[in-house]
Amino acid sequence: MRATVFMRMTGMMLAGVMSMAALTACSGSSKEESASTTAETSSEGGVLRVGMECAYAPFNWTQVSPEVANGDTAVEIYGGGGYAYGYDVMVAKALAEEMGMTLEIHKVEWDSIGISMDSGDYDCIIAGMGRTAERMLSYSFTEPYYYRNNCIVVKKGSDIENITGLSELAGKNVTATTQLGTGWVPLLDQIPDVTLGANYESTAEVFMALSNETADLAVIDIPTAESALLTNTDLKIIIPKEGDTFTGDEEMTNVCIATRKDDTALRDKLQSAMDSIGLERDKMDSMMEEAISVQPAAK
């Protein structure tokens, strides 16, 4: 009787030992698979996670298919919702390829683009962002990946469509607008006798305000204005003459890539890639002309 009980207990103990060994073996296999996956990801260079509006043509926009008129391919937006293309995407694709990384585009509203990066949704911003002194307190920036000039946009047929400089706006009491949260906002105060109108979340809303005569003029950059005129044919671009234009607007001409303030490693990696692909001004201008020509509105 006791011998039988002893044999049963011994069998149970052996079974337990064998089960533990099997679990240990499985655990080891899982760790090996995890290590293998990590090593594979590392060898591929990882993922370049980029935040942008996908609604700021010609820098970035959303389209329904991956096909682009120049033969390139738009990038599927992370989480769905179409495909992203434009100058920013062209630059992001070139940098990701140079760094051996997979590109991931995250679509985000402009007013939360910095907050979302700080929270870890993505790791850098390539979104037509000007490098301002205020922003440099919160983020790290590369050197410019594009240089833009600013302009005034008005409605055709208005009594200010033929002005050539800011001084000619004296006594006109124009209502001015621009995009919220940008370096163009403080420039509005330089317009003589200006009435500050509502500013808008997107540049599309800015141009709509001009078409609807909610505002008399907008301050914006030339590429964005040229892009808007492809569909808003009732608008006109005015580039104020030298000596009668905005001052202190240099910050908005420097379009740079932003990373989190402490992520200087990624900033430097991006800068190195920019240097390697030779992103000089002539190449920037050529790429921007191409972006404007292939945006959906141009067709």
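This is a predicted model: local features need pLDDT of at least 70, side-chain atom pairs count only at pLDDT 80 or more; totals for chains, interfaces and linings use all residues.
Residues are numbered from 1 along each chain as its sequence is written, and side-chain values use heavy atoms, with hydrogens and water left out.

Me: Why is T224 called buried?
Reply: T224 has a relative accessible area of 1%. Buried means under 20%, exposed means over 50%, and partly exposed is in between (1.4 Å probe, protein chains only). T224 is therefore buried.

Me: Where does T224 lie?
Reply: T224 lies in helix α6, residues 222–228. Helices (H or I, at least four residues) and strands (E, at least two) are DSSP runs, numbered from the N terminus.

Me: What makes the pair T224 and D221 a polar contact?
Reply: Their side chains come to 2.8 Å. A polar contact is a pair of N or O atoms within 3.5 Å; within protein, one must be able to donate a hydrogen and the other to accept it, and residues adjacent in sequence count only if both atoms are side-chain atoms. The T224 and D221 pair is listed as such a contact.

Me: How do you know whether V64 is buried or exposed?
Reply: The relative accessible area of V64 is 82%, so V64 is exposed. V64 sits in the loop between β2 (61–63) and β3 (75–76).

Me: What makes K172 partly exposed?
Reply: K172 has a relative accessible area of 39%, and the label is therefore partly exposed. K172 belongs to the loop between β9 (150–155) and β10 (175–177).

Me: Why is D193 counted as partly exposed?
Reply: D193 has 43% relative accessibility, so D193 counts as partly exposed. D193 is in the loop between β10 and β11 (195–196).

Me: What is the phi of D193?
Reply: Phi of D193 is near 55°, a positive value in a residue other than glycine. N173, in the loop between β9 and β10, also has a positive phi, near 50°. Most residues other than glycine have a negative phi, and most peptide bonds are trans.

Me: Which peptide bond joins A57 and P58?
Reply: A cis peptide bond joins A57 and P58, with omega about 5°. P58 is in the loop between β1 (47–52) and β2.
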